[in-house]
Amino acid sequence: MLAGLTICAAAELGPEGLDALRWEARPVVVIADPDDPRLAEQLALFEADAADMIERRNVVIVDTAPGSALRRRFGADGFLVALIGLDGGVKLRSDAVTPPGRLEALIDAMPMRRREMRRGD
């Protein structure tokens with residue numbers, strides 16, 4: 001947990017993987033080698049913006065395992081940040097440290113998020 005933000009290792013997802021989160025959360029997948037300094041930088045940015053990420057129903061999934069199912073699914077051969085929508089679709093892929101504000105702006109433009117904001121979810 002990062003300041004209330006759910007963070008888990010990809011191995012904790014279970015057999016359904018990201019599909020278990022469909023319609024419940026907007027996962028942010030971070031794939032990196034364990035010693036990649038961008039991993040710590042990315043997680044620190046998420047920690048600093050935890051309240052806004054929680055509001056948008058983000059769950060951070062960290063994968064540092066070589067050859068993992070997520071690496072294969074995303075074709076990741078190094079650092080990757082991917083935003084997954086409630087529908088399970090990939091909404092953003094980045095091979096650089098990604099400011100949470102970029103994710104938030106993208107999410108806030110999504111029709112489902114606009115409905116959430118109108119209803120006060």
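In this predicted model, 5 strands come together in an open sheet, and reading across the sheet gives the order E1-E3-E2-E4-E5, with pairing that is mixed. Strand E1, residues 7-9, and strand E5, residues 90-94, stand at the edges; each has a single partner strand, so one side of each is left without a neighbour in the sheet. As one goes from one strand to the next, the twist averages 20 degrees.

Strand E1 pairs with strand E3, which covers residues 58-63, in the parallel sense and over 3 bridges. Within this pairing, Ile-7 stands opposite Val-60 of E3. A helix also packs on the sheet: H4, made of residues 100-108, touches E2 (26-31), E3, E4 (80-84) and E5, and the direction of H4 makes about 160 degrees with that of E5.

Asp-19 counts as partly exposed because its relative accessibility is 41%, which lies between the 20% limit for buried and the 50% limit for exposed. Arg-22, at 34% relative accessibility, likewise counts as partly exposed.

Another salt bridge brings together the side chains of Arg-71 and Asp-33, with an N to O distance of 3.6 Å. This pair links distant parts of the chain, since Arg-71 belongs to helix H3 (residues 69-74) while Asp-33 lies in the loop between E2 and helix H1 (37-48), and the two are 38 residues apart. How do the two partners stand, buried or exposed or partly exposed? Arg-71 has a relative accessible area of 8% and is therefore buried, whereas Asp-33, at 39% relative accessibility, counts as partly exposed.

A further salt bridge is formed by Asp-108 and Arg-113, whose closest N and O atoms are 3.1 Å apart. Asp-108 is also a residue of helix H4, which spans 100-108 and packs on the sheet. Here Asp-108 counts as partly exposed, at 23% relative accessibility, while Arg-113 is buried, with a relative accessible area of 1%.

Conventions
Residues numbered from 1 in each chain as written. Predicted model: local features only at pLDDT ≥ 70, side-chain atom pairs only at ≥ 80, totals over all residues. Heavy atoms only, no water. Pairing = 2+ DSSP bridges. Helix = DSSP H or I, 4+ residues; strand = E, 2+ residues; numbered from the N terminus. Axes fitted to C-alpha atoms, helices over the stretch in contact; angles between N-to-C directions. Contact = heavy atoms within 4.5 Å. Buried < 20%, exposed > 50% of the residue type's maximum accessible area, 1.4 Å probe, protein only. Salt bridge = Lys/Arg side-chain N within 4 Å of Asp/Glu carboxyl O.
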